[in-house]
Amino acid sequence: MAIYQTAIRKPITTALIFVAVLIIGIFSYNKLPIDQLPEMEAPYVSVMTSYPGANSEEIETNVTKILENSLNSVDGLKEITSTSKDNVSVVVLEFEWGSDITEAVNDVRSYIDMVYDNLPDGCSRPFIFKFSSSMMPILIYTFTAEESYAGLDKILNDEVINELNRVDGIGNLSLSGSPERYIYIDLDPQQLASYNVTLEQVGNAVSSNNLNLASGSVKMGGEQYQLRVQGEYVESKEINDIVVKVNGNQTVKVKDLATVRDTIRDITLEEKVNGKDAVRLIIMKQTGANTVQICDDVKVMMEKIVKKLPPDIKVDIVRDSSNDIKNAINSLSESVLYALLFVVLVVLFFLGRWRATIIIAITIPISLIVAFLYLYIADSSINIISLCSLTVAIGMVVDDAIVVLENITKHVERGEDPNGAATYGTNEVWISVIATTLVVVAVFFPLTMLGGQAGILFKELGWIVTISVVTSTTVAISLTPMLASKLLKGKTAKVNNKGELVVGNQEPNWYEKNIIPLLNKLDIAYATFLRWALTHKKITLFSIIVFFIISLLPAFMGQIGSNFMADQDQSSLNINIELERGTRVEKTSQMARQFEQSIWKVAPEVRLISTSLGSSDDGGIASMFNQTNNNKIQMRIRTTEKDERDRSVFEIAESIRKEFDKYPEIVTYEVSTSAYSASTNNVDVEIYGYSFQETNQVAEELTQIIKELPGARDITNSREKDRSEIKIVFDKEKLAKANLTESAVSMYVRNRVNGMACGFLKEDGDEYDIVVRLKEERRNSISDIQNLDIPSPTGGVIKLQELAEVEEYWCPPEVQRKRRERVVTLSITPYGVSLGELAGNIQAKLDKMQLPEGVIVNIGGSFEDQQETFGDMILLFALILMLVYIVMASQFESFAKPFMIMMSVPFAISGVILALWISGTDFDMVGALGAILLVGIVVKNGIVLIDYINLMRDRGYELNEAIALSGQSRLRPVLMTALTTLLGMVPMATSTGTGSEMWHPMGIVVIGGIIASTIITLIIVPILYSIMSRHGERDRDAKQRSTFIFMNLKDTLDEDRAQDKNEQ
Amino acid sequence: MKAVFIVFNQANTEKVLFMLDQLQLRGYTFWEQVQGRGSKTGEPRHGTHTWPEMNSAIITIVPEQNVDELMRTIHKLDKRNEELGVRAFVWNVEDFV
């Protein structure tokens, strides 16, 4: 028994099965995390190796090259890049997106093991580091304080971090720029010399007097006592009175030699918010945890915590990734709801009946909820891609139900009882409903096979649409007939007293009076037009081709830009500023205040500026994301929300750039509008070559050329400028004579300049470092360094300059390599031009440039990704066309018919180009997604039309008449399919919410494509059909019958009978 | 005894069976889904994509006096919904066991 018969006979079972599906779907919907994009595990593995004492070039030859050569054969490796700097080599392996990183890490480990013996002695074991999404901060708070500032570190650690750690799914919490309590013992070298004390003696005295020790137990009579030495400092003042040395009866105390400061740590990393001292709290999540949920939980908890904090502490949020996600998801959810509403209205408009509309509308939630079930099983999330896919699906899931319901309605209107009508009506169409679904599946299923970064995004679209469309077909041939059999009312018919049949209720309702005549008129007008066009094929075809060629012009004239993915206005800016190398932190800080003032001046939309500069030497994981230095400033800026301001962040960024151009102090700067520090859309110009000098020169030349190009902004050079360092070069002979070693002297120097750690001061369970070093003004010049006293093992002190030269020198830059060659990368952000255009302009300039021998220049970055992705997409497009062709050819059992349908695909493209051109939108990956979707819709419309023309011809209508009649009859279903999808996309194309930049192109592409292709399909498919068909070709019976020759035989019945009789 | 052969659009199946019950004609043989085409205006019923509808057929052997009533009722059924269509043909039954 067919599925629809069972469904009609067992309405309760059927209804309950779908209720169960709904419940499971809603359950999984509630469990789905919300995220920006589908979980993409970044396919990067870094290998870090330290080789102390080697400079960057030595590291390159002895460590990096060896590792690179070995790691180059790891499976699935896409690209290998490396940085060799003093003491450290970092090799980064990029794998294909979607590859199994755990497997890759194992591979990497075994390849490292293979070459480990070839690495130089003294080289550390290479450390393998896997990047994961849990390392991206999801929430950044800033705390500013007045009088409590000094104690902020303790307050935050005790009251905030401890509390927040209880939030489910929270990962690393780290503080940046918090004022740590330090006890500094600043020694005066003159006093040291006069008392003949060394710094180490002071340090040892301080640390050895700071001791608590269990010293056994004492038994006294019947009792036993623990014996303890209790010598730890209770407060920092005690240190002053520590005796360092006894000279006869004279004691030298710490206070005689030094000042003890119980203070906060010297600033090396400065954090300010709106110019005030601040501390940043960086919150990360565990991998796979729900960002939005965690952020909400943290915020709730933070509100409670803030009440307990001293009132002068102010809390502000600098970055809240959940906000971006929530805004994006909210505006997309809105689009989904609008799409749903529009689809229902379109159905109501064309069918004109509430009951029918309800039956069809019910397929939407069921199909979509099954998609949620898929997302849950596939461990995915509610994200931009999955919601876009749902919007796309909404327009498509109603089609099958409409076809089935229309046919059932036809039967009911003939006076059949709803039960029979549902059974037989479904029986007549269910095969063709399944066949059209196959076409849609042929379009979307190949998407699940796409590889690369785009593959991760498209996979979800492919699965969601495939699954919802298949579900909708299942619903259309089970639940729809069941509901129709229960809800549809047959025409009331009565028998009057005369025994005549009276079919009742003939009073036409509003819909029948107003809308039906309108639709009928439209049908007839279209049929009339078709009849005219069929007799004027040449002129019609000619004008269509002219339209096609004209529509392609904007693309050929370079009016359509291309991007990888549109930049989003996330109400935040990231600024990186680099000042002259060697600028001291205090000076940098002063400049930062000036820059902040300039920003406030040109951009009143800015609400908050969080500035970091300097570096912390032990900043933990967070410091990996901190790209600041003594001469580098990083600013995170939050502006007012998108709907509260007139200028977009892109325009704000541009005005800030103009302002920064005025400062001669700025060496380079970058104003990025992406929420994370890396810019998303950029062109990288990679300059390969061994010689530093040549490549630097090319880079410099190119920078000058590119600066002139329109729309080229934020040109950054990956190779750091040579920096000056102060180097101590030991004289080995003198060292040996003085009985000293290099390592011993370096330690002495370090103790004097950086400080010697000598234990902790313990208070309330917290430990604070005690550091002994020379006072600042005695270690701040080359002559101070030269005059450092180095204790000699034989007693007495030797000046450093007697053992070594102290000189200033230029240290070689770090060596960056890509594809195992040295490289310098210039990174350029486009403003006001598309990525493709900028890359094209740069390429044109490059072609004209004279490059030195051995220097190769290549364009990469997002542009490269974009090229790769578009390449993949074209391949995919071809695959889809082939699959669709196969499905259609077998459906029509004809090679020619699918061609007619596919001829309408190019017109979808002209619609796309015109729409992009008129709206001034760039074509990007999301737009490409829309283009693929168009193929499905366009082809579906063609099938509806051709299928019916075939039917009419099989029923014996003459070719042109069959075409005209089919057009008249199929106009409404075609318009309905097109309108449901089109209106579903309108909210996407017009929404201005946060993140809408991303799906905007998709809406534009689909709307343009559908309008053009629907109109053209309605003209070109019938005409092509008429051109490519011959009268009578459909009449297979006639063909077969013409081979039957028996009718022409001579009639010999009488003779044969007579013969039979004779034989008897 | 007469044999009455009734051919009808399968959508009429329930009504035909109801009719036989009402007329207290117990015996019948039923072919579900038969193909056919009307002699004058009737559309082909092939169950194909082109002609998706199907007929069913019943043959019932009834006493001679019941034939007239049966034929009249069948005509009523046809009038109730002419688009679906129901036709009946009568012939003699020579013998039966």
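Q: What share of the contacts in chain A with a separation of 6 or more comes from residues 24 or more positions apart?
A: In this predicted model, residues 24 or more positions apart account for 79% of the contacts in chain A with a separation of 6 or more. For chain B the corresponding share is 72%.

Q: How does chain B stand against the radius of gyration of a compact globule with 97 residues?
A: A compact globule with 97 residues would have a radius of gyration near 13 Å, and chain B, with 14 Å, agrees with this. The C-alpha trace of chain B spans about 40 × 25 × 25 Å along its principal axes, and 24% of the 97 residues count as buried.

Q: What pattern of helices and strands does chain B follow along the sequence?
A: Chain B has two helices and four strands, and, read along the sequence, they follow the pattern β-α-β-β-α-β.

Q: Why are strand 2 and strand 4 of chain B said to stand at the edges of their sheet?
A: The four strands form an open sheet in the order 2-3-1-4, with antiparallel pairing. Strand 2 (29-34) and strand 4 (86-92) of chain B each have a single partner strand, so one side of each is left without a neighbour in the sheet. From one strand to the next, the twist averages 15°.

Q: What makes strand 1 and strand 4 of chain B count as a pair?
A: Two strands pair if at least two bridges are found between them, and strand 1 (residues 2-9) and strand 4 of chain B are joined over seven bridges in the antiparallel sense. In this pairing, I6(B) stands opposite A88(B) in strand 4 of chain B.

Q: Why is Q33(B) called exposed?
A: A residue is exposed if 12 or fewer other C-beta atoms lie within 10 Å of its own, and Q33(B) has 12 other C-beta atoms within 10 Å, so it is exposed. Q33(B) is placed in strand 2 of chain B, and has a positive phi of about 55° although it is not a glycine.

Q: Why is R819(A) called partly exposed?
A: The partly exposed class lies between the exposed limit of 12 or fewer and the buried limit of 20 or more other C-beta atoms within 10 Å; R819(A) has 13, and is therefore partly exposed. R819(A) has a positive phi of about 45° although it is not a glycine, and is found in the loop between strand 30 and strand 31 of chain A.

Q: What makes strand 30 and strand 31 of chain A count as a pair?
A: At least two bridges are needed for a pair, and strand 30 and strand 31 (residues 821-830) of chain A have two bridges in the antiparallel sense. Their hairpin has two residues between the strands, and R817(A) has R822(A) in strand 31 of chain A as its bridge partner. Strand 30 (residues 815-818) of chain A also pairs with strand 2 (residues 77-85) of chain A, antiparallel and over four bridges, where the bridge partner of S84(A) is V815(A).

Q: How do helix 11 and helix 12 of chain A pack, and what classes of residue make the contact?
A: Helix 11 (residues 321-351) and helix 12 (residues 354-361) of chain A pack at an angle of about 145°, with their axes 9 Å apart, and the crossing is right-handed. Among the residues that make the contact are V344(A) and L348(A) of helix 11 and T357(A) and I360(A) of helix 12 of chain A. By class, the contact has seven nonpolar, one polar and no charged residues.

Q: How many residues of chain A and chain B are in contact with each other?
A: There are 12 residues of chain A in contact with 12 residues of chain B. Helix 15 (418-444) and helix 30 (925-954) of chain A each supply at least two residues of the side that touches chain B, and the largest share, four residues, comes from helix 15 of chain A. That side of chain A has three nonpolar, four polar and five charged residues.

Terms used
Residues numbered from 1 in each chain as written. Chains lettered and ligands numbered in written order. Predicted model: local features only at pLDDT ≥ 70, side-chain atom pairs only at ≥ 80, totals over all residues. Contact = placed C-beta atoms within 7 Å. Nonpolar A, V, L, I, M, F, W, Y, C, P; charged D, E, K, R; others polar. Axes fitted to C-alpha atoms, helices over the stretch in contact; angles between N-to-C directions. Left-handed = near helix turned anticlockwise from the far one by under 90°. Rg over C-alpha atoms; globule rule 2.2 N^0.38 Å.
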